[in-house]
Amino acid sequence: MTMTTILRKMAPAAMAIILVAAIFAACGPGKAGKEPAAAATAPVAAPEPILAPVPPMGFNTWNKFGCEVDETLIRQTADVMVETGMLEAGYKYLVIDDCWQVDRGADGRIIADPKRFAGGMKALADYVHSKGLLFGLYTDCGPKTCQGRPGSFGFHDIDAATYAEWGVDYIKVDWCYADDLDARKEYTSFRDALRRAGHPIVLSICEWGRNDPWTWAKGVGQLWRTTADIGDNWESVVWIIGANSRHADAAGPGGWNDPDMLEVGNGGMTLDEYKTHFSLWAIMAAPLMAGNDLRAMTEETKSILLNKEVIAVDQDPLGVQGRVVIERGYGGQVWMKPLADGSKAVAFVNTTDRELAQYVRWSQIGIPAGPAKVRDLWAHEDKGVHTDTGSKYDERFEVKIPAHGVVMVRISPGQ
Ligand code: GLA
């Protein structure tokens, strides 16, 4: 290999180091040559910790409780997150959304509602941590939050320092009263303030996809909303799935498209609709933030939120956002998400009001011709080995999907 070929194959960063070293060697190190080589002594910046190698999971107060938040709710929620197995299933962030804050002090420090959070945020965070959970709060880039509480405009450093002092691990930063601001600049400034505060805090960017965050938010925050707010209804879920799916390229370990928090268990959708909602969030490697009352979950709701096989698809370390691989015009879609072990998660979705049969060929989902094992992730059943040799009259894998429903499987090549 010639020197030029070696250089061409090198990563740009490595090349830059070599060039700097070469220039240094050519120009210095001074007459006596006594100064040590720069490369040997220059401080090496510690790599940034990856705060969200997989999509964050947890609970957020907004969808169910709106402004009705207080420390009793948070303590009880922390307790049940452990008791119900939510924490064990991966839901580790407990986030208080809007309305916990009432004012700023003369020193600029944000003040939590003294009636609703009488014990203070530090004590509450300590309690949440004592349960093995992580603690999150909410603010806004503008001067006010969406509910008119004090926002963080002009207060990034003091807020970041306060959060760090309280032990906050996650901050959702909204975009109300911020239309005149530059989103990339504001969120970057927030990130830098969080870094200066010296405590690792996940930054959840919530500007509703207004400023194309999928083009700049990776490296600024760990998740960024791609749409307006979710509603507890089927139309909203279908609309969000379509909008969020357009930005699949942007997602990956460290930074995720956020199609908003879950509505599972809030009562506005059927069991099948909630299963589709949850399955598609998992196929799209979305953050999974439960938004229901965890203290009063039905068995049905638990069977969705605690479905470990579907959660494993969401949390797969390969970190690829799945996509539609087959769009059948009449309301049937096949989605595929490649997984780290070489298997594929496949979701057959039916947006029509009637049962639908759907099939797939291995070649359409990246499975090599031949046998493959199929596991049903909702029935929790092995569906045997199916063989698709690729020939025209060969077996196709076919399923029946209920109205507004989903069939979700994991297909692994081989016997
Ligand atoms: C916005 C956000 C929601 C929620 C509310 C709170 O609408 O998008 O997720 O945080 O504000 O006021």
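In the predicted model, strand 15, which spans residues 370-376, pairs with strand 16 in the antiparallel sense over 6 bridges. Within this pairing, glycine 370 stands opposite aspartate 388 in strand 16. The two strands belong to an open sheet of 6 strands, arranged in the order 11-12-13-18-15-16 with antiparallel pairing. Because strand 11 (323-328) and strand 16 (381-388) each have a single partner strand, they stand at the edges, and one side of each is left without a neighbour in the sheet. On average, and with direction ignored, neighbouring strands of this sheet are turned by 25° against each other.

Helix 11, formed by residues 271-283, packs on the sheet, where it touches strand 12 (332-338), strand 13 (344-350) and strand 18 (406-413). The direction of helix 11 makes about 145° with that of strand 13.

With regard to the protein chain as a whole, 13 helices and 18 strands are found, and buried residues account for 42% of its 415 residues. Among the contacts in the protein chain that link residues at least 6 apart in sequence, 71% join residues at least 24 apart.

Terms used
Residues are numbered from 1 along each chain as its sequence is written. This is a predicted model: local features need pLDDT of at least 70, side-chain atom pairs count only at pLDDT 80 or more; totals for chains, interfaces and linings use all residues. Two strands pair if DSSP finds at least two bridges between them. Helices (H or I, at least four residues) and strands (E, at least two) are DSSP runs, numbered from the N terminus. Axes are lines fitted to C-alpha atoms, for helices over the stretch in contact, and angles run from 0 to 180 degrees between N-to-C directions. Two residues are in contact if their C-beta atoms, placed from the backbone, lie within 7 Å. A residue is buried if 20 or more other C-beta atoms lie within 10 Å of its own, exposed if 12 or fewer, and partly exposed in between; C-beta atoms are placed from the backbone.
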